[in-house]
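Morning, everyone. Please have the sequence and the model open while I talk. I'll go from a whole chain down to a single residue.

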Amino acid sequence: MTQLKIEMNQILLISLYTLKENFRNRTYLVSIFFGVITIIISILIDVLGGEQPLRIILDFGLSTIEFFSLLMIVFIGSNMILEEINNKTIYLILVRPISRWYYLVGKYLGLLLSVYLSIILMSILHLILLFLKGWKFDILYFISIFFLGIKIAIIGSLAIFFSLFSTSNISSMIFTFFIWILGHFVMEIKFLMKKLSLVPKFFLTIVYYIIPNFTFLNWRDYIGSANIDFSVLYIFIYSVSYCICFLFLSILLFQHKEF
Amino acid sequence: MDTAIKICDLTKIYRKRHLGRLYTNLGVRNLSIEVYKGEVFGLLGLNGSGKTTTIKLILGLLFPTEGSIYIFDKLMPDKKIMNNIGYFPEIPYFQRFLTGEEILRFYSKLSCIREDIQQRINETVKIVNLKQDINKKVSEFSKGMLQRLGIAQSLLHNPDILVFDEPVSGLDPLGILEMRNLILLLRSKGKTIFFSSHVISEVEKVCDRVGILHKGELIKIISQNDWKQKSLEQIFIDSIKN
Amino acid sequence: MKKFLIFVVISTFIFRYISEKKFNYPYYNMIGYKMPVEKYVLLDITGIVFGIRKFVSDIAWIQLLQYYGSSEDTQECNEHNHLHCEHGRNYGGGKYYDLLKLTQRIIRLDPYFIYAYLYSSASLTWNLNRPEEGLSLLKEGISNKLLQRNPEYWQLHLYTSAIIYKMTDKYYRMIDILEKAVKQKNCPVMVKAILANIYKKTNNYIKSLNLWIEIYESNNPDYRNYAEKQINLLKEKIKLKL
């Protein structure tokens with residue numbers, strides 16, 4: 001048990017230092033920037049939105065929270081390990097009695113913590129604005145933020161994987177961003193699959209199942225639909241195992257990496 | 001004598017693929033070295049002879065193509081043994097957003113130091129003479145301060161083996177003297193020190209034995225007695241030319 | 001570790017498959033749908049591809065309000081010799097041929113935007129005198145199976161009835177339906193204005209006045225000034241009648 005406790009402490013230590021790094025690198029300023037933008041835009045929306053300002057503020061706010069979170073996770077996730085490798089700060093960590101995969105998991109958790117804290121800050125600002133405009137409490141808001149968090153976790157694992165696979169932060173950011181787009185396009189891909197002949201259908205099916213299905217997690221767009229009866233538990237387990245898959249692949253790449 | 005580090009027939013070939021072609025580059029070949037407990041062993045060689053490669057292979061930053069490495073008779077890689085090794089790189093790089101104290105605290109916790117961490121940090125900072133500047137951010141450190149911090153982090157967990165890569169590289173004469181005194185102090189405490197250098201004058205002042213590396217191969221190992229008769233510089237040059 | 005990875009990969013596929021079976025995507029996919037406004041097709045597809053179709057439908061709504069709220073022609077106002085004067089405003093009246101297409105764009109991006117159906121169908125029917133277009137819009141909503149569980153769905157039937165009664169000159173039954181509509185929480189202010197105007201035309205000044213007072217107190221900037229004028233006008237008419 002003591003050994004397990006030591007190992008968990010090491011992962012926690014790495015994640016807390018990653019969080020510290022991100023905040024000292026001014027990442028949290030993105031959240032403040034978002035808050036200011038939202039307040040300015042909401043004044044404009046009040047005038048433009050006719051009798052639907054609350055709906056627009058809600059949709060705009062949630063979309064902007066997602067956009068800024070995506071920017072953070074893609075940028076930080078694609079750069080953080082590569083930066084430590086390139087400026088060699090990783091040497092003095094890996095020569096310590098810490099397994100490489102603890103380091104990677106710790107960095108990943110620190111990355112998620114950083115982005116989640118920013119999401120919470122942005123959501124608080126957004127909720128204050130909504131309540132001031134007369135919004136009534138809706139549990140779906142918090143469910144959509146929760147599933148946004150899961151989307152961010154998947155993107156984070158992909159960003160780290162691509163950064164180790166491609167060894168270039170630019171290509172990693174491009175691949176990750178591309179997967180984020182494809183993940184929202186899956187229903188259209190599924191529709192196309194039905195129209196194709198056998199061989200292209202087979203390949204497209206493989207691609208379809210490899211790409212994460214973000215329509216499961218896009219609850220922001222389902223507020224007001226009243227058609228939400230899908231099994232949340234299976235979606236949650238699928239998302240977590242998807243993250244673990246790519247984290248494991250990242251660990252395999254990292255275990256064989258030479259410095 | 002007990003062996004601290006045992007390198008057996010170690011070969012490292014760098015392989016790189018580029019546009020479908022495989023490029024190879026020799027790091028070290030058939031390297032066999034034994035470093036005894038409590039001794040100071042120097043690895044001497046020209047630039048590109050394989051000194052840093054050897055050190056990285058010992059530390060697990062590189063993986064051998066062939067051969068094996070044993071630390072205290074345990075086959076590497078072994079994460080638990082890493083707690084017994086302190087590493088000081090040629091140019092130490094630290095997270096710039098942290099202060100010196102935060103760096104040492106971070107590495108102390110990673111190394112699972114059982115003693116009081118603050119006490120250990122204070123002791124180490126005193127040894128390297130960094131007490132006044134330890135609370136500054138690393139981004140504000142001078143080169144000399146970075147070197148001291150690098151040494152401090154290698155000593156934090158009181159390791160039995162110290163691996164230094166070009167420890168006197170870029171130091172001023174006072175810095176070189178301090179480094180020499182530190183190595184002698186550590187030896188007096190029974191530490192095993194393995195370091196690489198191409199500064200012959202320093203190597204001959206502190207080492208018990210020296211290995212000469214040339215183009216990835218170990219040419220010879222000589223002891224203090226050998227360079228008392230003929231200068232280490234002459235032995236080194238003759239070995240390289242032959 | 002590799003065995004664990006294989007296990008995780010297989011379970012990912014299994015849970016993906018199960019989730020797909022249990023997941024009812026609450027939108028129709030866009031490839032089968034024709035986006036009605038060509039110049040915005042790229043924006044709409046971008047919204048779907050980036051997973052922000054609801055937000056893009058809000059942008060489409062703002063664009064519709066901009067279109068419907070701006071003056072249709074640029075001819076000078078002959079009476080006062082300047083452009084877009086207050087006398088040129090006809091509060092929703094005019095041609096606005098693209099209103100149907102712009103609304104179809106909104107409801108195809110977000111079929112659950114019930115307000116858009118109500119607002120546009122009412123405008124098309126009572127302001128622009130094109131009830132068949134208003135009906136086609138509501139019909140698209142009613143036939144959308146995804147919408148049937150929405151608690152506001154029944155209002156589409158309500159407005160359909162009102163439009164049919166208008167088309168078949170069953171004026172009083174149409175008024176009954178509109179009276180039900182204006183009592184709903186999300187009834188567009190415009191529909192209240194329409195009913196108030198109908199009351200005025202049928203010499204029911206008191207009911208018209210009550211509705212205009214309600215509109216005035218809602219503080220809607222588009223209607224406040226006009227509501228104030230109508231209130232003063234109706235008060236005069238009531239005084240005269242008395």
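**Chain B, then one serine**

Chain B has an accessible surface of about 11600 Å², and carbon and sulfur atoms hold 47% of that. Areas here are Shrake-Rupley with a 1.4 Å probe; for residues, only the protein chains shown count as cover.

A word on the source: this is a predicted model, with local features needing pLDDT of at least 70, side-chain atom pairs pLDDT 80 or more, and totals for chains, interfaces and linings using all residues. Residues are numbered from 1 along each chain as written, chains are lettered from A and ligands numbered from 1 in written order, and side-chain values use heavy atoms, without hydrogens or water.

Back to chain B. Of its 242 residues, 51% are buried, meaning under 20% relative accessible area (1.4 Å probe, protein chains only). Its C-alpha atoms fill a box of roughly 50 × 50 × 35 Å along the principal axes. Now contacts, meaning heavy atoms within 4.5 Å. Among those in chain B with a separation of 6 or more, 67% join residues 24 or more positions apart.

Over to chain A. Where does A:Ser166 lie? In helix α6, residues 139–166. Helices are DSSP runs of H or I, at least four residues, numbered from the N terminus. Buried or exposed? A:Ser166 has 19% relative accessibility, so it counts as buried. Beyond neighbours within four places in sequence, A:Ser166 touches A:Ser171, A:Ser172 and A:Phe175.

Definitions and conventions
Buried < 20%, exposed > 50% of the residue type's maximum accessible area, 1.4 Å probe, protein only. Helix = DSSP H or I, 4+ residues; strand = E, 2+ residues; numbered from the N terminus.
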